[in-house]
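Work through the exercises below with the sequence and the model open beside you. Try each task before reading its solution.

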Amino acid sequence: MKFFLDTANVEEIRRVEKLGLVDGVTTNPTLISKEGRPFKEVIQEIAGFVDGPVSAEVVGLKAEEMISEARKLAAWGDNVVVKIPMSEEGLKAVYTLAKEGIKTNVTLIFSVAQGLMAAKAGASFISPFIGRLDDIGKDGVELVSELKQVMESYGFKTEIIAASVRHLQHLESIALTGADIATIPGSIFPKLWSHPLTDKGIDDFLKDWETYEKKMKQ
Ligand code: E4P
């Protein structure tokens, strides 16, 4: 299973990258807007040190606009993947871009049908948003599991990025579905390697060691 970082914050990415846990990065217009820096500068900086795909999203809604933005974004780095929102226009753009060899990540996927259409149009990645589905009382993890089954049944090479991950249980459940990738916000990452019982265990061991050392010196 691969881990992408769902952030445009360079410090967050560098912190997790030092642990060998970053296989790629996803951004979106909201995440870019939080950084208050030029879009191109942020994406090029991230793409320059991350060894894996870095998604940058188009904002045009017409296929022609998406295609021309995508060509520009893809030229920012060999590992830049163009994020295209799911829509009829988006599918048209994905189909054209795939023929040009430009990799796409179709975002805002909320159903099996949408995922299937994106894969068929030639998407390299599809991003089902599990947290936003949970927000409306649906089961986001189940969607990932169904998409995985469909991709495997028909031999699509499209990889599934479980997105909109909100907590530790999401990640654990996604891992059980066999999803190819989870994209995780920087704020959630530390929760993945921490556990209160681990912290308590370390404290207890250190206390016992101090007692032991004191005894041995007597
Ligand atoms: C994925 O590519 C998106 O950037 C992201 O996961 C959206 O997450 P949110 O629903 O928490 O905004």
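The exercises below go from the whole chain to single residues, and the model they use is a predicted one.

**Exercise 1. Describe the protein as a whole.**

Task: State how many helices and strands the protein has, and what share of its residues is buried.

Solution. Step 1: the protein has 11 helices and 8 strands. Step 2: its C-alpha trace spans about 80 × 40 × 30 Å along the principal axes. Step 3: of the 218 residues, 39% are buried. Step 4: take the contacts between residues at least 6 apart in sequence; 53% of them join residues at least 24 apart.

**Exercise 2. Classify the pair H5 and H6.**

Task: Find the angle at which the axes of H5 and H6 cross, and list the residues through which the two helices meet.

Solution. Step 1: helix H5 covers residues 88–99 and helix H6 covers residues 112–121. Step 2: their axes come within 8 Å and cross at roughly 30 degrees. Step 3: angles under 35 degrees count as roughly parallel, so H5 and H6 are roughly parallel to each other. Step 4: on the H5 side the contact is made by Leu-91, Val-94 and Tyr-95, and on the H6 side by Met-117, Ala-118 and Ala-121. Step 5: sorted by type, the residues of this contact are 6 nonpolar, no polar and no charged.

**Exercise 3. Examine the largest nonpolar core.**

Task: Name the residues that touch the most other members of the largest nonpolar core.

Solution. Step 1: the core has 59 residues, and those touching the most other members are Ala-70, Val-82, Ala-118 and Ala-162. Step 2: helix H4 (residues 63–74) gives the largest share of this core, 6 residues. Step 3: take Val-82 and leave aside its neighbours within four places in sequence; its contacts include Ala-56, Val-58, Ala-70 and Leu-97. Step 4: as a general background, nonpolar side chains tend to be buried together in soluble globular proteins.

**Exercise 4. Decide between buried and partly exposed.**

Task: Is Ile-181 buried or exposed? Then classify Leu-168.

Solution. Step 1: Ile-181 lies in strand E8 (residues 181–184). Step 2: a residue is buried if 20 or more other C-beta atoms lie within 10 Å of its own; Ile-181 has 23 such neighbours, so it counts as buried. Step 3: Ile-181 and Phe-3 are 178 residues apart along the chain, yet their C-alpha atoms are separated by 5.7 Å. Step 4: Leu-168 is in helix H9 (residues 168–177). Step 5: Leu-168 has 14 C-beta neighbours inside 10 Å and therefore counts as partly exposed. Step 6: not counting residues up to four places away in sequence, Leu-168 touches Lys-191 and Leu-192.

**Exercise 5. Sort the shell around the ligand.**

Task: How do the residues around the ligand divide by type?

Solution. Step 1: the residues surrounding the ligand include Asp-6, Asn-28, Phe-129, Arg-132 and Ser-164. Step 2: the shell divides into 2 nonpolar, 7 polar and 2 charged residues.

How values were computed: Residues numbered from 1 in each chain as written. Predicted model: local features only at pLDDT ≥ 70, side-chain atom pairs only at ≥ 80, totals over all residues. Near = placed C-beta within 6 Å. Nonpolar A, V, L, I, M, F, W, Y, C, P; charged D, E, K, R; others polar. Axes fitted to C-alpha atoms, helices over the stretch in contact; angles between N-to-C directions. Helix = DSSP H or I, 4+ residues; strand = E, 2+ residues; numbered from the N terminus. Parallel < 35°, antiparallel > 145°, perpendicular 65-115°, else oblique. Contact = placed C-beta atoms within 7 Å. Core = buried A, V, L, I, M, F, W, Y, C linked by C-beta atoms within 7 Å. Buried ≥ 20, exposed ≤ 12 C-beta atoms within 10 Å, placed from the backbone.
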